[in-house]
Amino acid sequence: MLMKNHILILILLLSGYACFSQTHYDFSKFRQFPSDSNSLKLYTKLCDSKEFDRAIAYGDSLRQIYTETQQWHCYHFFTNTIAHTYASRRKYADAVRVYEQAMPLLKSNIDTFSVEYIYTCSSLCNFYYYLNQSNKSDSIALYLYSLLKSRGVSDSIAVNTFVDISGGLASLSHFTEAYDALITCKKIAEKNSWHFYLKNIPVFLGYTALMEGKDDASQVFYEESLVRNSLESYQDSINYLFGIEGVTQLYLKGGSYSDCINWGKRALSINEELRVHHRMPNYSNFRTNFNSLIYKSYLKLGDTQRGDSIFNYLVKIESEQKNNDKLVQLFLEYAEIKLHSGQVNIALSYYLKAKQVADSIGYMNSIYYADIFIGLSETNYSLGNFLEAAKQAQRGFEIFTANSNKSNIYQIPDSNLTQNANEKFKLFLDKLVALYGLYNLSPSEELGNSIINHFTVFDEATRIALSDSHDEKFIEERQIQYKKALDGLVDFFAIHQKGTSYEAKQLFLQKMVLNGKAMRLYQQIQENKMLDTYSSNKDFFAKYRDTKNEIIKINGKRDLAKKLHDSCLVRNYTLQLSEIYANALYYESILKTGSKGNETLLNIAPLENYSSIQQKLNIDEALLEYYSTEKNLFSVCITKDTVATSLNPVDKFSNLIENHFRAIKTGSLLSHDDTIYQLLIDPYSNLLYEKNHLIIIPDETLSQYPFETINTPDKLPLLFRYSISYCYSSSLWLNIRSKDNLTQVNIKSVLAIAPDFSKSTPLDENLAMHLRSPIIDDGMTFPTDGFTKLPYTKLELDGLGNLIEKKNIQFVELVGDKVTKNDFLKNIKGKDIIHIASHGIVDRTNPLISGIVLSAIGKTYNEDNILYHYELFKLGIDAKLVVLSACNTGVGQLISGEGLMALPQGFLYAGVPNVIASLWKVHDEKTKDLMLAFYNHLLNDNVNYAEALRRAKLDCIKKGFLPLDWAGFILIGE
């Protein structure tokens, strides 16, 4: 958690410009002075003589004259002058009174883009903040932000005000808007070489980026501030310390504790020098902040002796100076560290100490108090005190809501990456977890209803946040939190499956599970399709979509640059992202303030019932969705006319799956063990008796599991009974299911590509299997001597060409060692099937840079010869099927709640409803046989993709192929 004092100092520096800084001195040069310069001279002379009351009385008399003569600019000039005279004496209430009295005349007699009007709004924003009227300050800050944004920020006046307003926005937790404002000002300052801004803005950008969770961007801006601010002047030295503090915060956040300690000690030395030579007023703030960072790093390193020593030193200093607010913050931070290190009782004692100090200084209604109750809730839950934990979470939630900018608990603050949003989610989750624990201890109907009500709020809040955000880290955190909450909901139902209202509650659980997966991917795909068909202002929507896709692309390029350890490129891409995020914010603000139709465009709407799924199912199909927790397995089976569920406790379920995988990899199935069948399929055997096709929505460990290999009671794989396809969520399947339900396919054109690797030096001539991937661990690096040869990919394309030659189908073939990615992209338009037989590369850590090798040219990560995952988001592909005949193309990073971040997701987003991909490294020759069998059945048997793949696998079994050779390829999508 960031130090609150750090935040306050930055706020004072930023918002203080409005009254006392050089910035507003420059601003005044552009204001329209009264035509009678003698009146201004007299007013100034009275102020210089400290005769403020006489000056104000004189100013009021002038305003009366200007009102009668309708000299409005002069009137408002002296309104601002009088207000700032009050402010210079810290009489903010009098300053606000002057403005509030003058505002009706100001609005009716002056252009809203005039300097005086903007100056008045900027000043009011700050004065309300000083008076702790954050609701008024908030509304003015956002209004002025939108006003200047619509006007266009280009001159010094607008830049001055935008910098000021960024301070107000940051102080009110609107970090996204503050970040956008500062990025805009920085670009203009660079264009005009305004060195004053170029020294000051980067440190503020580092702060807002850090608060938004953009750690890479924060690092870039803080480092820039260190370069631009030397130790030559006092103000530059202060900014230098801010830069060091930001970098040190990032070291602590990133786990580089030794670096954090070293930089913190260096900063303390500089801070001491500034205190001696300049009598720096902020000395104690910096001393506290850096010592706090150092002691936390020592504790993280396990050096409790040094860590506790510095902590006790800080407590002593703040106690002696009676800085009770800092004491509260110190106790909170220390308690949080102890809690996360498992020292729960120590954590509890310091949360109680924080509460005791907060009570003594009247903090009962502040956001600090909400933090205290969050901690108390966590510690009591860890100690098994569920009732107390639930009460404390409720109290913290009430305090947070009372202090939030938005009073409606269904809304997330406009700045969706702020601490407010993060704390709000944490409060939602803490309360749910506490309620789950309490229900486990003492079940009751009342508690059960409370859990459902609170989960409904949590669900809606999550959907709003995921719809609004572009930040992948934020999205991932929200999905993990949602998965944790939904896990608790499933376990809650497992405890209490009896009672008069259980059936109604079970319907709620079914709905949450059906809507609880892959929300982000579903939203992206649905939005993409809606933008294509939107009837009005298509150009604007196209720009919005292009901006979002560009964010994904630049994120991917940055991941690639990190992989190559190219710090310069990482820095450049981080700066590009900063600008693109600002553009995305602008487009979304327009969409959200437009028609009601636009609101649905940006939201993830949940399914209300199963009827829409049932309408899309054929009579011979069933959709099976699974949801697993550590304790229980929940599943839903939906057919054309029936919905059924199963909820059973499971023990070591993941071990069963791992053992089954091991059996596949070692060459055989568990022929005498049908345990997995009993768990996954048997509960619905009566419903599935006459079905031919299963649509599987897996979860967690099942996400990379081939259901076709499940052993049935008659000792045959499930493949012998059903064709099987997979999807990431029920909502997504419904979204991409075609109108004709895909009972058969109509193929008019095919594009096939097979790069030639025959000129590559094989890594191991004795390797018999010729795997369709480089001989590397999950694609983390490229082989230095080229790729392994794939002699059967060309034969695969030749065989496909022979099959197609007998049909009236267009066939475009790209083969050889010099086929470029551009050649591939030029030919994808209008193809029904795209078939790629090549090497696949996988990066589980950075899935955006997984990809397919389209050309043998080059031996390193390269944009010219690899189709990367991140590139798929900018493509519009109208193919009905993409076949990725390569290794590991269905493998990626498993994100809790979202599923596998892998290549099929990118193709689905690009518009492809069906993707065939592989779950492991596959054999070159046997893959060729499987693929040709697939196309033979598809082209000659008048069946759909799933059935054609099933028949091809059965052919392979007849040839004696092991499950390892045929089970790896699965159909994902429609």
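The count of disulfides, where a disulfide is a pair of cysteine sulfur atoms within 2.5 Å, comes to zero. In general, a disulfide is a covalent bond between the sulfur atoms of two cysteines. Cys74 has 8% relative accessibility and counts as buried, a term that means under 20% relative accessible area, with exposed meaning over 50% and partly exposed the range in between (1.4 Å probe, protein chains only). Cys185 is also buried, with a relative accessible area of 0%.

The model is predicted: local features need pLDDT of at least 70 and side-chain atom pairs count only at pLDDT 80 or more, while totals for chains, interfaces and linings use all residues. Residues are numbered from 1 along each chain as its sequence is written, and side-chain values use heavy atoms, without hydrogens and water.

The protein chain holds 41 helices and 16 strands; these are DSSP runs numbered from the N terminus, helices (H or I) having at least four residues and strands (E) at least two. Of its 974 residues, 61% count as buried.

Three strands form an open antiparallel sheet in the order S9-S10-S11, two strands being paired if DSSP finds at least two bridges between them. Strand S9 (840-841) and strand S11 (866-868) stand at the edges with a single partner strand each, so one side of each lacks a neighbour in the sheet. Strand S10 (residues 851-853) is joined to S11 by three bridges, and Gly851 has Tyr868 as its bridge partner in S11.

Aromatic rings form a further topic. The whole structure contains 29 aromatic pairs; rings of Phe, Tyr and Trp (its six-membered ring) pair if their centres lie within 6.5 Å, and planes under 30 degrees apart count as stacked, over 60 as edge-to-face and the rest as tilted. Two of these pairs are listed below.

| Pair | Distance of centres | Angle of planes | Type |
|---|---|---|---|
| Phe331 and Tyr350 | 5.7 Å | 50° | tilted |
| Tyr868 and Tyr870 | 5.4 Å | 5° | stacked |

Phe331 lies in helix H18 (residues 324-340) and Tyr350 in helix H19 (residues 344-360), so their pair ties together parts that are 19 residues apart in sequence. Tyr868 is buried, at 0% relative accessible area, and Tyr870 is buried at 1% relative accessibility.

The charged end of Lys353 sits over the ring of Tyr350, 4.3 Å from its centre; such a placement requires NZ of Lys or CZ of Arg within 6 Å of the ring centre and within 35 degrees of the ring normal. Lys214 likewise lies over the face of Tyr179, at 5.1 Å from the ring centre.
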